[in-house]
Amino acid sequence: MAYQFKEIEKKWQERWEKDGAFKTKEFSSPKFYVLDMFPYPSGLGLHVGHFKGYVATDIVARLKRMQGFNVLHPMGWDAFGLPAENYAIKTGIHPEITTEKNVDNIRNQMKIAGLSYDWSREINTTEPDYYKWTQWIFLQLFKKGLAYKKILPINWCPSCKTGLANEEVIDGKCERCGTETTKKDIEQWVLKITDYAERLLDDLEGLDWPEKIKEMQRNWIGRSEGWEPVFKIKDSLFDIPVFTTRADTLFGCTYLVLAPEHPIIKDLEIDIENPDEVSLYLEKAGIKSERERISEVKDKTGVELRGVKVVNPINNKEIPVFVADYVLGHYGTGAVMAVPAHDQRDFEFAKKYNLEIVWTVKPEQGEIDKSKAFVEDGVLFDSGEFSGLGSDEARKKIGEYLSKQNLAEKKVYYKLRDWIFSRQRYWGEPIPIINCEKCGTVPLKEEDLPLKLPHIEKYQPTGTGESPLAAIEEWVNVECPKCKGKARRETNTMPQWAGSSWYYLRFIDPDNQKELVDKKKEEFFMPVDLYVGGADHAVLHLLYARFWHKFLFDLKHVSTKEPFSKLRNVGFVLAPDGQKMSKSKGNVIAPDEIIEKYGADAFRIYEMFMGPFGEAIGWSENGVKGVYKFLNRVWNFSIKNKDNKESPKELIAEINKLNKRVSEDLEKMKFNTPIAFFMEFLNFAEEKQAGKDVLERMLVLLSPFTPHICEELWEILGNKESILKQKWPEYDKNLIKEERIELVVQINGKVKDKIEAKNGLSEEEIKEIVFQSEKVKKWTEGREVVRFLFVPPSLINIVVK
């Protein structure tokens, strides 16, 4: 008979809520803090793809509770910013209303899925009691000189009508709406994240994060170590410092290139013999996007500053100066020493403008291919006393030589730019600053926080560079806290990333109105032990949160250098058509529909069974039907055997094997394989007479995945206490014979592959499996296998030549 999932799930969800089953106990150790990246309530609800991560962390939370941990597993809403505001504009309903409605709906979706959050700690970034502390952190940044105002050429989204941080522009487009961005000069609030660049880079090493995420952050921070030689301008008091990582190629520098923004161009106006040509080029460069300027495929353009020469400090050779838009003013010094023989971009530019190409580095073996730049390290020649040195040694020696003459400094530069923090929008945290003509920029007093966002009817963006708040005269016009004269509030708001840069701390102490977080509670719960979310936040939320955390660490408000010790990324759930789920494509599947038809447990277990956690997988309702049938089998098997007292020995051995496999894979965050193990076990067990001991252990092991059906069957078996309070079982090693082993394959002494295989295979069978491996094929095909040696139980040595 089919189990009645609707009645069962409603019963247990109500009981868990009534009993406060998932409330975290403070200072009861050991602790385990498992956190999801909290969602934007920017639509009417979440789709099935969002729940892949939520179900996984719920399984981990339930497992850890059974293992004796005091689990903190909270949920909240990242409700300020562009996603929520754009949804409100689209629907024509005020963001206050849409946000509240969307939050209520998503919370309900999470509850009917049986997610074991501690709802007593729920937070919302739009609540004044929350953003009071977001504003407080901003004031601390301001007091320490890490928040400043500056007129900047910023990324501007014409559709969202607001400025964007560099991290919010993907391939030249707004990461939120996909519109091509432009540049606009606007006075902006900026946070000095660059002051933390070195620490943000160095501290990645100790984190248990996916390597690709760490690499993305490394590349975004972009540390470059090199020398900054000085090129003196002929017949002038001015000089131009240039940063280079290739001081070994300095003898091959035949011209200098300036970014269009470089201030020296204005200083040299009187010497430039072609001012009209240069001015026209600068004007054209000013309307190009950064993406256009640095594109690899575009034709490189530039204009010589005729009448201006600089002196190469290494050989005193006079060389011409160009302005070219492929050089960016914000990286390095905004000037580039061009070495066409050893840089492909410079090579193409030199060919186009018929400039001198001087070869000074050659490969250690063979000749130089002069049809393109030789960009590798090599051996110097035609480089004076440095000829014959390898590139690495030459970089050091040439830098030191120039340094002794005060013509170069050792330098470190970062690609990372300061964080553009203000937005010209309504739906965000007000910036707690007052602008006074007499006193300048005046911070709000801490006792006056929170500065509440006023309710206004016209919240649509203006596109003028000012927030809609600028039109609210009664809110904007205030008395200066210092001189009591006339002043105006800051009308820009904070970006959507502000509230999410510290929210993990608020969950620890959500009702504290006296301080950011209680010190003892913070020391107990931090860091977050497991953080789960999408890889798309690698250089946005994850970088910003690390920056704010390090700042709070310096102020001694937090006890750890990093907020998230372990990070795992969830793979996308694709629509049945293989595309990303999107309302505009009409291919979104809501969890509510699936839960209504098959129940929360079937929905949860399919989310995990559909494929490896970190990989993108297509949704299939047939797959849901399959796991629904499996749960019915679990139900019928349990009911059929509920009165049996003892289990046969082979079934006891099998449940121990299941116990081991499920435990080990859950620790590795493998969620799909345990479900396959359960199915294998049931196939074996259904033919046997299972006793209460086996049934109970099966239900405990299955309960993190499918808590409702397991609670009900646990109660039917006569247990008074909830299955939630049971200890995670340990397996008996003596009852388990390993059926599968891991073969370690070495080729010429180096491990090239690890292959899972059935235990007890003959050497010939193992050999056949090994040579079917793609990794082994890569190293053996087309080569002679001199020896194949199998060292039982699992080591393979292959020698090839």
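1. In this predicted model, G206 sits in the loop that runs between helix 6 (197-202) and helix 7 (211-221). With a relative accessibility of 71%, G206 counts as exposed.

2. An open sheet of four strands can be followed in the order 6-5-9-19, and its pairing is antiparallel. At the edges of this sheet stand strand 6 (162-164) and strand 19, each of which pairs on one side only.

3. Which strand does strand 9 join through two bridges? The partner is strand 19 (residues 419-420), and the two strands run antiparallel. In this pairing V190 stands opposite I420, which belongs to strand 19. Helix 5 (residues 128-143) lies across strand 5 and strand 9, and the helix runs at about 90° to strand 9.

4. Another open sheet of four strands has the order 2-1-24-25, and in this case the pairing is parallel. Its edge strands are strand 2 (70-72) and strand 25 (567-569), each pairing on one side only. If direction is ignored, neighbouring strands of this sheet are turned against each other by 20° on average. Within the sheet, strand 24 (residues 530-533) and strand 25 pair in the parallel sense over three bridges, and Y531 is found opposite L567 in strand 25.

5. Turning to the aromatic rings, the structure holds 47 aromatic pairs. One of them is formed by Y3 and Y628, whose ring centres are 6.4 Å apart and whose planes meet at 35°, so this pair is tilted. Because Y3 lies in the segment before helix 1 (5-19) and Y628 lies in helix 19 (residues 621-641), the pair ties together parts that are 625 residues apart in sequence. Both residues are classed as buried, Y3 with a relative accessible area of 2% and Y628 with a relative accessible area of 19%; the value for Y628 still counts as buried because the class takes in residues under 20%.

6. F51 and F603 form an aromatic pair that is edge-to-face, with 5.6 Å from centre to centre and 70° between the planes. This pair, too, links distant parts of the chain, for F51 belongs to helix 2 (residues 51-66) and F603 to helix 18 (residues 600-609), and the two residues are 552 residues apart. Are F51 and F603 buried or exposed? Both F51 and F603 are buried.

7. One aromatic cluster can be picked out on the model, and its members are F138, F142, W189, Y196, W419, F421, W497, Y544, F547 and W548. K111 lies over the face of W119, at 5.6 Å from the ring centre, while R661 lies over the face of F677, at 3.9 Å from the ring centre.

8. How many disulfides does a search of the whole structure find? The search finds zero, and the cysteines discussed here can be checked against the requirement that the two sulfur atoms lie within 2.5 Å. For C436, the closest cysteine sulfur is that of C483, and because the distance is 3.7 Å, the two are too far apart for a bond. For C480, the closest cysteine sulfur is in C436, at 3.8 Å, which is likewise too far for a bond. C436 counts as buried at 7% relative accessibility, and C480 counts as buried at 0%.

Note on methods: Residues are numbered from 1 along each chain as its sequence is written. This is a predicted model: local features need pLDDT of at least 70, side-chain atom pairs count only at pLDDT 80 or more; totals for chains, interfaces and linings use all residues. Side-chain values use heavy atoms; hydrogens and water are left out. Rings of Phe, Tyr and Trp (its six-membered ring) pair if their centres lie within 6.5 Å; planes under 30 degrees apart count as stacked, over 60 as edge-to-face and the rest as tilted. Buried means under 20% relative accessible area, exposed over 50%, partly exposed in between (1.4 Å probe, protein chains only). A charge sits over a ring if NZ of Lys or CZ of Arg is within 6 Å of the ring centre and within 35 degrees of the ring normal. Two strands pair if DSSP finds at least two bridges between them. Axes are lines fitted to C-alpha atoms, for helices over the stretch in contact, and angles run from 0 to 180 degrees between N-to-C directions. Contact means heavy atoms within 4.5 Å.
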